[in-house]
Amino acid sequence: MYGLAIALSGLLVAAPARAIVSADSTPTILHSETDGDATADRQAVSREIERFRSTSISISQAMAIAEARHAGATTADISFDGGSGVPVYRVKTLHNDRIWRHTINAATGEVIGGEAALPLAELDHEDRSNLAALGTIRHRLADAVRVAERAASGKAISGGLVREGGRLNFAIVVISGDDLKEVILEPPGARGK
């Protein structure tokens, strides 16, 4: 639900947290419904990148807008969606034992529609565990986005939590030139959480 299922390999980059940058594969979050047609997948990704580049609201601004809806909220997951009418960011924030879902217009920053809340108790054990760990580490997804954008020399298009090898990490997808790069960051203090 909150992780990005992406093959990992890459280059170790010096950063405040462990960062792995990979450009070897297209992140599955941006794959189209063509089920394995590489040319169609690449065209869909290119269209998504083009729509992303035409937006005026950054991923960091979208997170701030969503977090401002509830004092003390923190972003758990964010993704750009340029596939339908108006390009939007889909943001999930954690606040008061609930996951809040927001849709932010990527051109204006307006919150579209209402917000939906899901009690943490309705999530599976792994998701609850990941979100509980998110509340105990001092770094936030917004911090990870800044580090990832510097490490990959680009602009983030999505980010969220992923548990890999028993460790909670941030997985950020960054557009760098015409390429998508995944940056995996292990927040300091997240080991064993």
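The conversation below goes through the labels one by one.

Modeller: Please keep in mind throughout that this is a predicted model. As an overview, the protein has 4 helices and 9 strands, and from the N terminus on its elements follow the order β-β-α-α-β-β-β-β-α-α-β-β-β. Of its 193 residues, 47% count as buried.

Colleague: What makes phenylalanine 52 and phenylalanine 80 an aromatic pair, and of which kind is it?

Modeller: A pair of aromatic rings is described by the distance of the centres and the angle of the planes. For phenylalanine 52 and phenylalanine 80 the centres are 5.2 Å apart and the planes stand at 80°; since centres within 6.5 Å make a pair and planes over 60 degrees apart count as edge-to-face, the pair is edge-to-face.

Colleague: Why is the pair of phenylalanine 80 and tyrosine 89 called edge-to-face?

Modeller: The planes of phenylalanine 80 and tyrosine 89 meet at 70°, with 5.6 Å between the ring centres, so the pair is edge-to-face, because the cut-off for that label is over 60 degrees. Phenylalanine 80 and tyrosine 89 are both buried. The structure holds 2 aromatic pairs, and Phe52, Phe80 and Tyr89 form one aromatic cluster.

Colleague: Turning to accessibility, why is arginine 69 called partly exposed?

Modeller: Arginine 69 has a relative accessibility of 43%, and as buried means under 20% and exposed over 50%, with partly exposed in between, arginine 69 is therefore partly exposed. Its place is in the loop between helix H2 (59-68) and S3. Not counting residues up to four places away in sequence, arginine 69 touches His102, Val111 and Glu115; with histidine 102 the C-alpha to C-alpha distance is 9.3 Å, at a sequence separation of 33 residues.

Colleague: And why does glycine 72 count as exposed?

Modeller: Glycine 72, which also lies in the loop between H2 and S3, has a relative accessibility of 73% and so counts as exposed, because the threshold is over 50%. Even so, glycine 72 touches Leu94 and His95, leaving aside residues up to four places away in sequence. Leucine 94 is 22 residues from glycine 72 in sequence and 8.7 Å from it in space, C-alpha to C-alpha.

Colleague: How do you know that strand S4 and S5 pair, and how many bridges join them?

Modeller: At least two bridges are needed for two strands to pair, and 8 bridges join strand S4 (residues 88-95) to S5, the two running antiparallel. Histidine 95 has arginine 98 in S5 as its bridge partner, and in the hairpin of S4 and S5, with 2 residues between the strands, asparagine 96 takes a positive phi near 50°.

Colleague: What joins S5 to strand S6?

Modeller: S5 is joined to strand S6 (residues 116-119) by 4 bridges, again in antiparallel fashion, and the pairing rule asks for at least two. Tryptophan 100 stands opposite alanine 117 in S6.

Colleague: What makes you call strand S5 mostly covered?

Modeller: Strand S5 (residues 98-105) has 8 residues, and 6 of them are buried, where buried means under 20% relative accessible area.

Methods
Residues numbered from 1 in each chain as written. Predicted model: local features only at pLDDT ≥ 70, side-chain atom pairs only at ≥ 80, totals over all residues. Heavy atoms only, no water. Phe/Tyr/Trp six-rings, centres within 6.5 Å; stacked < 30°, edge-to-face > 60°. Buried < 20%, exposed > 50% of the residue type's maximum accessible area, 1.4 Å probe, protein only. Contact = heavy atoms within 4.5 Å.
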